[in-house]
Amino acid sequence: MTSFEQVIDRRSTRSVKWDLMEIIYGIEDASDILPMWVADMDFAAPQAVIDALQERLKHPIFGYSYMCEGCRTAVQNWLLQRHGWQTQSEWMLFHHGVVPAIATVIETFTQKGDSILISSPVYPPFFSIPEKQGRQLVENFLIEKNGVYEFDLDSFENQLAQGVKLYILCNPHNPGGMVWSKETLEEIVRLCAKYDTLILSDEIHSDLVFAPHRHIPLVTVANGEEHRIITCVAPTKTFNLAGIQAAVMIVTDEEKREQLKENALANGQMELSPFAATALTAAYEHGEPWLEELLTVFSSHMDYAIAEITKAVPAVKIAKPNGTYLLWIDTRDTGLSEKEIMNLLLTKGKLALEPGSKYGQAGTGFFRMNVACPRSILEDGVARFIKALT
């Protein structure tokens with residue numbers, strides 16, 4: 001049995017995914033409900049990471065830590081080998097996650113009332129963080145055709161022209177799974193430069209891409225506009241380390257780096273924990289074979305789920321994503337509302353998925369399914385989905 005076939009009981013481990021369903025879904029008892037919603041995996045982390053953490057635990061003092069040059073070199077080597085991106089050590093600022101990093105960038109480079117542009121449907125914090133910080137949110141709706149998304153660049157430019165201070169890009173795209181093309185990325189940069197708009201590029205899913213698709217770091221197609229791009233990457237999504245809380249902001253512009261450092265001081269932001277430093281370094285130095293096998297598992301899982309669900313429920317449509325481990329399930333032709341389907345999933349199918357409206361108005365009618373689990377759990381989840389809608 002491989003590590004990707006092993007079923008690990010996660011209940012009663014303070015798991016958001018498994019232990020908070022009663023609160024998240026407003027139900028009395030979720031003991032018989034299968035969670036396939038929040039984006040973490042039901043797989044053990046790479047053995048190299050576990051071994052490195054266990055070795056660190058042999059030292060009994062867990063005092064203040066810092067990200068050493070070896071940590072930075074591990075990130076540099078990974079980005080170069082996986083994505084052809086040559087970075088510099090001094091460009092890196094470490095943070096306790098991509099979501100906190102997004103909040104920091106918004107706070108540092110925008111003011112209350114400033115306009116922030118997002119392309120929806122998209123990851124919920126893209127909505128909530130600007131709104132909580134008193135910024136004006138502007139939505140650029142992606143164009144969807146048979147489950148595949150593309151940018152409406154005319155609309156995108158019109159919105160930038162209204163005085164957008166910051167654009168937040170999701171690449172690869174969550175929840176749609178799109179890996180944006182070089183031409184699209186170049187045009188995004190060109191238009192943002194034209195209207196002097198800062199870009200925050202969330203690239204947390206960049207390692208989870210299926211051949212022949214290939215992730216393109218936005219900075220690598222910036223054509224002289226690298227200074228207006230702040231990129232967020234992390235080992236946490238790639239290697240199932242979300243609870244470790246480690247991310248990297250890569251900022252080529254020295255002035256912007258200094259502003260971010262000042263913000264960190266103003267907010268009392270500490271360096272990452274010794275466990276975060278250990279896990280990040282081990283994952284980037286030794287995790288590639290694990291990842292390569294994982295991508296094969298994900299692709300197979302998606303093929304299975306798409307074939308079984310669409311055969312049993314022909315009104316449901318699912319396009320295989322270019323990347324991520326998330327299926328974006330189109331239920332608009334079922335004749336049922338999102339609320340009705342959610343009720344059927346929870347009460348009849350005993351399955352917890354995420355409703356598309358969580359990703360903005362443009363996501364209504366879709367559901368997000370996380371397939372990062374052993375095959376036996378996947379098959380159970382697919383059967384539950386089919387049961388709910390037949």
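The legends below walk through several close-up views of one predicted protein model.

Because the model is predicted, local features are described where pLDDT is at least 70 and side-chain atom pairs count only at pLDDT 80 or more, while totals for chains, interfaces and linings use all residues. Residues are numbered from 1 along each chain as its sequence is written, and side-chain values use heavy atoms, with hydrogens and water left out.

**View 1. Strand β9 and its neighbours.**
Helices (H or I, at least four residues) and strands (E, at least two) are DSSP runs, numbered from the N terminus. Two strands pair if DSSP finds at least two bridges between them. On one side, β8 and β9 run parallel and are joined by four bridges; here Thr231 of β9 has Ser201 opposite. Strand β10 (residues 247–251) also pairs with β9 over four bridges, in the antiparallel sense. In that pairing, Cys232 has Met249 of β10 as its bridge partner.

Where do the side chains of β9 point? Ile229, Thr231 and Val233 point one way, Ile230 and Cys232 point the other way, and all are buried. Buried means under 20% relative accessible area, exposed means over 50%, and partly exposed lies in between (1.4 Å probe, protein chains only). Five of the five residues of β9 are buried, so the strand is largely enclosed by the rest of the structure.

Asn171 and Pro172 are joined by a cis peptide bond with omega about -5°. Pro172 sits in the loop between β7 (164–170) and α8 (182–194). Another cis peptide bond joins Ala211 and Pro212, with an omega of about 10°. You will find Pro212 in the loop between β8 (198–202) and β9 (229–233).

Most residues other than glycine have a negative phi. Arg14 is a residue other than glycine with a positive phi, near 60°. Look for Arg14 in the segment before α1 (16–19); its relative accessibility of 83% makes it exposed. Asn146, also not a glycine, has a positive phi near 55°. Asn146 belongs to the loop between β5 (143–145) and β6 (148–150), and counts as exposed at 70% relative accessibility.

**View 2. A negative patch and a nonpolar patch.**
Patches are made of residues with over 30% relative accessible area and no salt bridge; like charges are joined within 9 Å, and nonpolar side chains (Val, Leu, Ile, Met, Phe, Trp, Tyr) within 5 Å. Lys and Arg count as positive and Asp and Glu as negative, with His and the chain ends not counted. The place of a charge is taken as NZ of Lys, CZ of Arg, CG of Asp or CD of Glu. Accessible areas come from the Shrake-Rupley method with a 1.4 Å probe, and for residues only the protein chains shown count as cover.

Which residues form the negative surface patch? They are Glu69, Glu90, Glu254 and Glu255. Of these, Glu255 lies in helix α9 (residues 254–266) and is exposed, at 58% relative accessibility. The nonpolar surface patch brings together Val16, Leu20, Ile23 and Ile24, with about 350 Å² of accessible area together. Ile23 is part of helix α2 (residues 21–25), and its 67% relative accessibility counts as exposed.

A salt bridge is a side-chain nitrogen of Lys or Arg within 4 Å of a carboxyl oxygen of Asp or Glu. How many salt bridges does the structure hold? There are 23 salt bridges, including the following. Lys256 and Asp253 meet through their side chains at 3.8 Å, N to O, and Lys256 is buried at 16% relative accessibility. Between Lys358 and Glu354, the closest N and O atoms of the salt bridge are 2.5 Å apart. Here Lys358 is partly exposed, with a relative accessible area of 39%, whereas Glu354 is buried, at 3%.

Arg375 and Glu379 also form a salt bridge, with their closest N and O atoms 3.2 Å apart. Because these residues are four apart in helix α13 (residues 375–389), about one helical turn separates Arg375 from Glu379.
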